[in-house]
Amino acid sequence: AEVLYKAMKGLGTDEDAILQLLTARSNAQRQEIKAAYKTLHGKDLVDDLMSELGGKFESLIVTLMTPPIMYEVTCLRDAIKGAGTDEKVLVEILASRSPNEVNQIKSLYKREHNDDLEEDVTGDTGGHFKRMLVVLLQALFVAGEQKYGTDEGQFITILGNRSNAHLRRVFEEYRRLSGYEIEESIQRETSGTLQEVLLAVVKCARSVPGYFADSLYGAMKGAGTDDQTLIRIMVSRSEVDMLDIRAEFRKRFATSLHKMIQGDTSGDYRKALLLLCGGDDA
């Protein structure tokens, strides 16, 4: 807390001290630092950081300071309540989190916003896309006999089964029977947001780190960078499966995650992201 206070007081800000310290701590430790800062200086650490920093670097640091489930709740709330619906965020969070995490997100959402996440999501989406999100929000491990309805309904019911090991066997068998990968069929048979969510669920069933590696690559490839996605994934996975994401990234693309971040970002923002990434898998 003292290091951060010194980095911000007086003229100018020692961004380097801030990013070195915060990226080297776990989220739980950051919350303890925040509490100590309040005790020592009677001020809110996040407010002070926000008044000293700016741009993407500020967004990254504020995200690092937010407790994980709280951060996901905020992302979902913004995705729903902003102008239009940010389907990408809904898909990413609901498809990649375990049923247990989804349940934690739902109860904190209720506590923070006094709204039902499921109602908010269904009020903001439609059709089969909505149905798939509802299935994911139910956060159930479905087992036993299923009654299948329409074709899309069948897809939704089967993919809503949250056991990834079971789904991987289903995909294997599907390929044996049809000669197609399940992804190819989804791309052929569906479109738009329904296709996005079905593909995300399939990718996560195959490999959650692989799914995030693909998303990170997508956020940086070509012209421009989707910084929101970059920040969201780099921070929310930094204590979960970053090493696995890096390994998958290296396997799938002709470059390392480290090199791609280096080429796509700059300044303190880049420095902090690279520290979250860790080593370069050359």
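Predicted model: local features only at pLDDT ≥ 70, side-chain atom pairs only at ≥ 80, totals over all residues.
**Figure 1. Helix α14 and the helices around it.** Which residues of α14 are buried? They are L194, Q195, V197, L198, L199, A200, V201, V202, C204 and A205. Helix α14 itself covers residues 192-206, 15 residues in total. From its first C-alpha to its last, α14 reaches 21 Å, close to the 21 Å expected at 1.5 Å a residue. A handy rule for reading any such helix: there are 3.6 residues a turn, so residues three or four places apart point the same way.

**Figure 2. The largest nonpolar core.** This core has 81 residues, and the members that touch the most others are I18, L49, L216, M234 and L257. Helix α14 from the previous view gives the largest share, 9 residues. Both domain 1 (1-53) and domain 2 (83-264) supply at least three residues each to this core. As background, nonpolar side chains tend to be buried together in soluble globular proteins.

**Figure 3. A closer look at L49.** Which residues does L49 touch, not counting those up to four places away in sequence? Look for M8, I18, L22, I61 and M65. One of these, I18, is listed beside L49 among the core residues that touch the most other members.

**Figure 4. The two domains.** The domain assignment of the protein chain gives domain 1, residues 1-53, and domain 2, residues 83-264.

**Figure 5. S236 in helix α16.** Find S236 in α16, the helix made of residues 227-236. Is S236 buried or exposed? S236 counts as buried because its relative accessible area is 16%, which is under the 20% cut-off. Its side chain reaches the backbone oxygen of R232 at 2.6 Å. Setting aside neighbours within four places in sequence, S236 is in contact with E72, R97 and I231.

**Figure 6. N114 in a loop.** Here you can see N114 in the loop between α8 (99-113) and α9 (117-124). Why does N114 count as exposed? N114 counts as exposed because its relative accessibility is 63%, and the cut-off is over 50%.

Key: Residues numbered from 1 in each chain as written. Heavy atoms only, no water. Helix = DSSP H or I, 4+ residues; strand = E, 2+ residues; numbered from the N terminus. Buried < 20%, exposed > 50% of the residue type's maximum accessible area, 1.4 Å probe, protein only. Polar contact = N/O pair within 3.5 Å; in protein donor to acceptor, adjacent residues only side chain to side chain. Contact = heavy atoms within 4.5 Å. Domains from an automatic or database assignment. Expected span 1.5 Å × (residues − 1). Core = buried A, V, L, I, M, F, W, Y, C linked by side-chain atoms within 4.5 Å.
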